[in-house]
Amino acid sequence: MKCDFSGWATRNDLLCADGRTIKKDAFKSQDGQTVPLVWGHDHSDPDRILGHALLENRDEGVYAYCYFNDGESAKAAKRALLHGDIRSLSICAGQLQQVGADVMHGIIYELSMVLGASNPGAFVDTIIAHGDDTEDKLIVGYDENIMIYHTADGKDSLEDKHTGEKLEDKPDEGKEETVEDVFNTMTEKQKTAAYALIADALNSGGASDGGDNHNYKGGNEIMKHNVFENEKQMNNGVLCHADQEAIVAMAKTSQVGSFQTALEIYAEDNKLEHDAVSGGFVQTSEGNIYNLFPEYKEVRPGAPELITSDQGWISRVMAKVHKSPISRIRTSQVDIRNIDSLRAQGYTKGKQKKQVGNFKLVRRTTDPQTVYVKNALHRDDIIDITDFDYVQYLYNIDRMMLNEELATAIMLGDGRDDGDEGKISADHIRPIWLDDDLYTLHVDLDIEGAKTELQGTGTGTSFGDNYITAEAMINTVLYAREKYKGTGTPDFFCTPHMLNVMLLARDMNGRRIYSSKDELASALNVGEICTAEQFEGKTRTTSDNKTKKLVGIITNLADYSLGATKGGEVTHFTQFDIDFNQEKSLLETRVSGALTRVYSAIAIEEDTTVPGGTTTQG
């Protein structure tokens, strides 16, 4: 069976009027299938079905071999085709899979003969004229968008350019034209102008007589659609090329105002699903089509970014503490600095030599404690989350929590109440700040004393509070270093605010006293200055009921021993719970920690005791 005509249903890699670009093999699955051939994507009348089309997938696109049926509409369409009036084809496709505006896969529901194609490469390229008294012949052409204009008197006679047949002799030419027939002869620009004129007439009072306003929206009474297409509906929310062109035309009118409004109106009139509005397109004044409602895209693809407190000082603590393979720590010290009886003595002839006096041995032991982080991951989440490795992501969070808890316990203490069963005991991991005075020197930052001393030279009129605080801190640290007995050069851990106060100290000319952290560290006689947000607002109560606010800690963490025997190091355990469909995770370590040298740390504090007030443990 020979086809009546053939042509390109759609061509690859050409920008369509709806902003999409159909890619190669997008409709490959329909190679060899037939689809209905209709007129103008109109589904309201069975007479609009002109025949069927056999699809052939090619490298350039989808080629169609078309066969007319015996209906009157098919005969009229065939005459228009032979006469060269119609050459454009259009597809209606759904189940689209897109990458941006590129169509990678879809299903063609129908092929339609239209006045103008959305795809610039969709046209009839071969017409086969069949006849009893003639041989079959090929008429090859291209859609040139030819417009036929009638003269004012309406007496012009047009001939079929292929058969020579007079158009007025054809049976369809004698019938009276309807309003719809006249409207359909208009171009898209002319239709848009008609929409605007009708809407202006209605807004000026034409629809204020109580008539039916169901074709208008809101107080502006905007016309929603072509009055000749009341029955037009789309199956399963599928928008064909011709429909999207109609939406773009509606959006251009001043009454509608925006493409989104036009798309909502069209979706409501044609009973489309609501989410048809989510991926619309808009045409600019230059004629370019671009995506109006693009997909959200991650600025940083992959795992979500973590918002945490300051972690820099934690990594320094865990890296600098002394790791010991012994978990049960014992330290022994004897203080002989102030025992006069231990002094060597001169000998006097004839006198009995005296023995040196006794001295006191100071010894303490520290036992280990288990510290752990337990978590559970639902297997459904592990399977569903494909953007990143969810298991590794949660493990990294657990490890971060464990390190922060250990570093906080080493420097400040656990912070939980003594009765809390999850408390990390200060007897097992001894906090530097709260350690005995034999190991940690506790000194007060005397800002008022420094102010009195400095203002005696006119400092108060030339320098601000930052300078006074910085000088008070330097004096306190340097004087405390006289009693320091730790190893090497210690580091200074303080709050970010205290560091900024010292760096913002200025001289009489407004220049900063310390231009960098390194210069300030040199003035404090420390190796490095580390800031820790977690130090902010920490207080403790002394044995004489005074409140001390932590300002900073000076120590060399090589003098702090963190001990764990074999098997007590950080270990990760996993187990699957089939009852609750969960992957359970346990990260734990069994360690002990303590300063191993006397006077190896200095805690700088500020006395905040309120006279007559009560204090609480911080």
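**Overall fold and salt bridges**

The chain contains 12 helices and 26 strands. The model is predicted. Of its 618 residues, 40% count as buried. Among contacts with a separation of 6 or more, 69% join residues 24 or more positions apart. The chain exposes about 35600 Å². Carbon and sulfur atoms supply 48% of that area.

Side chains of opposite charge can pair when their charged atoms come close. The structure holds 18 salt bridges. One of them joins Glu-528 to Arg-316, with the closest N and O atoms 2.9 Å apart. This pair links distant parts of the chain, 212 residues apart. Glu-528 sits in the loop between α12 (517-524) and β20 (529-531), and Arg-316 in helix α6 (residues 312-320). Glu-528 is partly exposed, at 26% relative accessible area. Arg-316 is also partly exposed, at 33%.

Asp-435 forms a salt bridge with Arg-364, and the closest N and O atoms are 2.9 Å apart. Asp-435 lies in the loop between α8 (390-411) and β18 (440-444), while Arg-364 lies in strand β16 (residues 361-366), so the pair ties together parts 71 residues apart in sequence. Asp-435 and Arg-364 are both buried.

Glu-405 pairs with Arg-416 in a further salt bridge, where the closest N and O atoms are 3.9 Å apart. Glu-405 belongs to helix α8 and Arg-416 to the loop between α8 and β18, so this bridge ties together parts 11 residues apart in sequence. Glu-405 is partly exposed, at 25% relative accessibility. Arg-416 is partly exposed, with a relative accessible area of 33%.

Notes:
Residues numbered from 1 in each chain as written. Predicted model: local features only at pLDDT ≥ 70, side-chain atom pairs only at ≥ 80, totals over all residues. Heavy atoms only, no water. Helix = DSSP H or I, 4+ residues; strand = E, 2+ residues; numbered from the N terminus. Buried < 20%, exposed > 50% of the residue type's maximum accessible area, 1.4 Å probe, protein only. Contact = heavy atoms within 4.5 Å. Areas by Shrake-Rupley, 256 points an atom, 1.4 Å probe, with all protein chains shown as cover. Salt bridge = Lys/Arg side-chain N within 4 Å of Asp/Glu carboxyl O.
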